[in-house]
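Here are a few friendly notes to read with the model open beside you. Please take the points in order.

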Amino acid sequence: MTGRVLVIGGASKVAIAWRAVATRAGRPVTVLTRRPETAAANETLVRVHDYFTPPAEVFRGVQHVINFAGAPTQPTEAELVRLNAEGPVRLAAEARDRGVDRFVQISSLSVLGGARDIDFATPVRPKTLYGRTKRDAEEGLARLATERFRPLIARAPIIYGPQGGGKLSQLIRLWRMVKVLPAPTRLEPRSMVHVHNLALALDLALTQDDELIYPCDPEPFDLIRLRDALRAEGVNARLLRLPTVSFGLLEAVAPNMYESLYGRSLVAPDSRALLPGDAINLDTALRDLIRAGLKRTSDA
């Protein structure tokens, strides 16, 4: 068991998943939050106005910090830079000065600029403002590293879970509505990570010496797996396979949409973060997500 862990942004879906893992392990945790919450038996909750300027006493007895605060968008560029880059680096510098030995930063594959095949040698080439802010955080944390202070970067792919999956949930809703989804003849795989598996990977990494991890589900996602999961839940989902050249216009005029639906983004097996035996299976996770969406629709 590690020492006390300070959690930044305790209300995010990933933070909630990690806190559940920590509770089962009996790990002592201090959670910074900006809204009222109920603390678990192993937790101390501290409400703050600003995650990145907490009171000094929150670092008392803390061995590790995990920063779950971050977002792909904000009202202004300055706010996004502060949330994703400047704030985490400033907080990490204070944590280092107060004796913390591990600072975990949740980053994103966006720093790789849409790389199709990913491993530890893939160059950092962000194409979006979000990717650049995450890169700046990574570089700022690296400059703070010492023998006693070891930042850990967790570059996550698309994150999903039973309460919603962002782009994946949008795709499921679209497919349920249109019934037939056009798709290229060749379907590309994509790495994703369920919130539970991400939480497990982070918890395991606290005891390791890694500087960078790629937390991913053990199995890559593709549209056939999603189609089969939809059918298993009673949704008449079909794929209309068309020549890849048919999608050239979509790729040209809406590259982000094309990448989300059909692009390849695959982390090599030997670069994926270690997971314990209770990692959730992709097919089970997809069916859970679909059932949750169907329930929300029926309750509406």
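1. Contact here means heavy atoms within 4.5 Å, and helices (H or I, at least four residues) and strands (E, at least two) are DSSP runs numbered from the N terminus. This is a predicted model, where local features need pLDDT of at least 70, side-chain atom pairs count only at pLDDT 80 or more, and totals for chains, interfaces and linings use all residues. Residues are numbered from 1 along each chain as its sequence is written, and side-chain values use heavy atoms, with hydrogens and water left out.

2. Let's begin with helix α8 (residues 255-262). Y258, L261 and Y262 are buried there (under 20% relative accessible area, 1.4 Å probe, protein chains only). They sit on the same side of α8 because they cover an arc of only 75 degrees around the axis, taken from the directions from the helix axis to the C-beta atoms. Their cover includes α4 (167-178), β9 (180-184), α6 (223-232) and α7 (248-253).

3. Which residues have the most contacts inside the largest nonpolar core? They are L6, I8, L32, V65, F103 and Y214, in a core of 32 residues. Such a core is a set of buried Ala, Val, Leu, Ile, Met, Phe, Trp, Tyr and Cys residues joined through side-chain atoms within 4.5 Å. Helix α2 gives the most to this core, with four residues.

4. Y214 is worth a click: leaving aside neighbours within four places in sequence, its contacts include L109, F120, R155 and V267.

Conventions:
Buried < 20%, exposed > 50% of the residue type's maximum accessible area, 1.4 Å probe, protein only.
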